[in-house]
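Let us walk through this structure together, one piece at a time. Keep the sequence and the 3D view side by side as you read.

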Amino acid sequence: MVGTVRAARHRALAGASFTAGLAVGAAAMFGALGLLGALLEPGRWFLIGAAVLAGVAVLADLAGLRVRPQVHFQVPEPWRRTMPLPRALFLYGLLLGTGLMTFVPAAAAWALLPLTVAAGFPGAIAVGLSFAAGRALPVLLMRDETALAERPQGLRALRVLAAASLVLALAAGEARAATRVVLRGGDPSAAGTDLVWQEPGIGGVLLRDGGQTRLPGSDPALGDTRIAWHVGPEVTIANSLNLQPVLQLAIPGVEKLAVSDTWLVYRVGLASGREQLRGFAFADPTHTIAISASQKRGTLGRPSLSADTVLYHVAGPGGSTLFLFDLATGKRIRLRSSTHSQLLNPDRVGSKLLYVRLSRCDQELRLGPLVGNGAGRLLYKLPPLAGQDAGHERGHTSQGEHLPCTRPPKPTSRMLWTTALSGTTAYVTVLRPGSGGAMTPSLLSISR
Amino acid sequence: MSGTGVVAAALRAQQAEAFHFCGHIYTTGSCPHPIGLPRIDRDGFPLRASDGHPVDDLGRLVDKLDRPVDAQGNLLRDPDGNPLPPAPRTRICEVAAREHGFRPYFDGSWYRCCGGHVRQLRDCCGYTRRRINGDAALTGYCYHGRHVFCVMYYDSKVKC
């Protein structure tokens, strides 16, 4: 292929045609694999299998073992003589971009295919374009391919490079996966690189520069340059840098807090079994704004605050809705709502909205646009909270059965709950069942 | 043959003809149900077929107030002790109607003996020419020009 490109009268045009063909072929092939992954949603065991296969391929490439299997189909050589060279090179690129035509030089190429299925769509397109770039560069940069053929160590170096790329891809994939921040803790709140959470029965914790600081109160919240916590009804708003209090006041029944440079928003549980979301500006703490109210506990979520806007959910038997309330204008906007799934505990950074969506067939942490109906990008997923039966009774046929999920779900008792969003990271509380119906939280972080 | 024997033989014959659940002798499919088998309570809300426990639209077990509970019946609570928010619990015929764009009607029903109890088999009716299977809908126990879109059942406590 090197010789064919270099033989062209317009070498740049030939190289561009070949590269374009590679890009289109690789995007189509790897994109199709990604779409397959998005449709089939491969489970944990497929991911583990793909990672194991990738590890074996890396070892095989590093050891220089013979690459098996090989593909016997080769690109049609007569094309370079029977059609204009740029067109022939584009078609060659198209075929080589699939990764399955002609000699497969590294085991990593095979291992990339199941990993691409696992990557899903549109991540697979990025994998395909990287593959195309990796295939195009040697052809465009080398002067003579026979040099490579005569010096096996050159091919060996390429295989080591392919293995290194695969390791990097695996590491990047691992970085994208969820990592546990704390085993016992939840209700996160983030600002910049700082993170706070609540440790059940103990109190708030601040994570800053890798070090943890125990806060002198519970249900901590971070926002702009402020941090807030409470001890019983006594609420403290402090400077987040030095934790020096700037305002302290008593709010009977206070439960959850959200804070910014100018506002404090909180949820209160009332003795009558009701709950309310309220807020006030630091400029006038005596003037309380009622944001939302519910007749039953557990209906209003944990509020989050960004500049002048409060985000919260209202969830009940009629469905669930994510709201945005503008404290400055008193205007309320319905961001998302659903009557068949639960949308819970939103947070935002700028125009991005993070929220939990519990549906019949899975639980999802989604990052999407603040306004609009788009469901957004899936950041993390858990199986659903309930399984399904056979759809038909024993001894009867399956004719006419109607199952809720396309694949039989493996239910989990873990449940996605509160969220927090920073510029680079999304956080989500995962509740695990304890004794007597009580749920224990743990905190995960997912790179955005 | 005694009278009891005749009834038993008739019921056996019915069961032998049944399709995906006992007593259903036609081909119309189940209404969408969060667990699978279209078992409902007398008001049309979904129950888990295996034990008759009420479930919400997410398939979770719920108590009488439709609040999610664990397998022992304990109310599920968040780490602060508040009950987890209840999810919608929708009549499965209404779910079918919402998903397929028709107004639901409960017109008629018929009864069979299944598992030692009288089972009421109900048609989810509507002004629709298509049924959940995708082909032409049957009249079944629907009236005034309505057709059967999907089927469901209610297991009574009456022994048979």
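Start with two helices of chain A: α2(A) and α5(A) are roughly parallel to each other, where roughly parallel means an angle under 35 degrees, roughly antiparallel over 145, roughly perpendicular 65 to 115, and oblique the rest. Helix α2 covers residues 11-40 of chain A, and α2(A) and α5(A) pack at an angle of about 30° with their axes 6 Å apart. Such axes are lines fitted to C-alpha atoms, for helices over the stretch in contact, and the angles run from 0 to 180 degrees between N-to-C directions. By class, the contact of α2(A) with α5(A) has 18 nonpolar, six polar and no charged residues. Here Ala, Val, Leu, Ile, Met, Phe, Trp, Tyr, Cys and Pro count as nonpolar, Asp, Glu, Lys and Arg as charged, and the others, Gly among them, as polar.

A word on what you are viewing: this is a predicted model, in which local features need pLDDT of at least 70 and side-chain atom pairs count only at pLDDT 80 or more, while totals for chains, interfaces and linings use all residues. Residues are numbered from 1 along each chain as its sequence is written, and chains are lettered from A and ligands numbered from 1 in the order in which they are written.

Now stay with helix α5 of chain A, residues 85-97. Its 13 residues reach 18 Å from the first C-alpha to the last, close to the 18 Å expected at 1.5 Å a residue; the expected span is 1.5 Å times one less than the number of residues. Is α5(A) enclosed or open to the outside? Ten of its 13 residues are buried, so α5(A) is largely enclosed by the rest of the structure. A residue is buried if 20 or more other C-beta atoms, placed from the backbone, lie within 10 Å of its own, exposed if 12 or fewer, and partly exposed in between. Among the buried residues of α5(A) are A:L85, A:F90, A:Y92 and A:G97. After α5(A) comes A:G99, with a positive phi near 80°.

Where do they meet? A:L112, A:T116 and A:A119 in α6(A) touch A:G123, A:A124, A:V127 and A:F131 in α7(A); two residues are in contact if their C-beta atoms, placed from the backbone, lie within 7 Å. This contact has five nonpolar, two polar and no charged residues.

Next, look for A:R159 in helix α9 (residues 152-176) of chain A. With 23 C-beta neighbours inside 10 Å, A:R159 counts as buried. Leaving aside residues up to four places away in sequence, A:R159 touches A:D61, A:G64, A:P105 and A:A106. A:R159 and A:L59 are 100 residues apart in sequence, and 10 Å apart in space from C-alpha to C-alpha.

Backbone angles come next. Most residues other than glycine have a negative phi. A:D219, however, has a positive phi near 45°. A:D219 sits in strand β6 (residues 218-223) of chain A and is buried, with 26 other C-beta atoms within 10 Å. The phi of A:D224 is also positive, near 50°. A:D224 lies in the loop between β6 and β7 (226-231) of chain A and counts as partly exposed, with 16 C-beta neighbours inside 10 Å.

Finally, step back to the two chains. Chain A has nine helices and 24 strands, where helices (H or I, at least four residues) and strands (E, at least two) are DSSP runs numbered from the N terminus. Of its 448 residues, 41% count as buried. Chain B has two helices and three strands, in the order α-α-β-β-β along the sequence, and 48% of its 160 residues count as buried. The contact between the chains takes 43 residues from chain A and 42 residues from chain B. On the side of chain A that touches chain B, the largest share, three residues, comes from β24(A).
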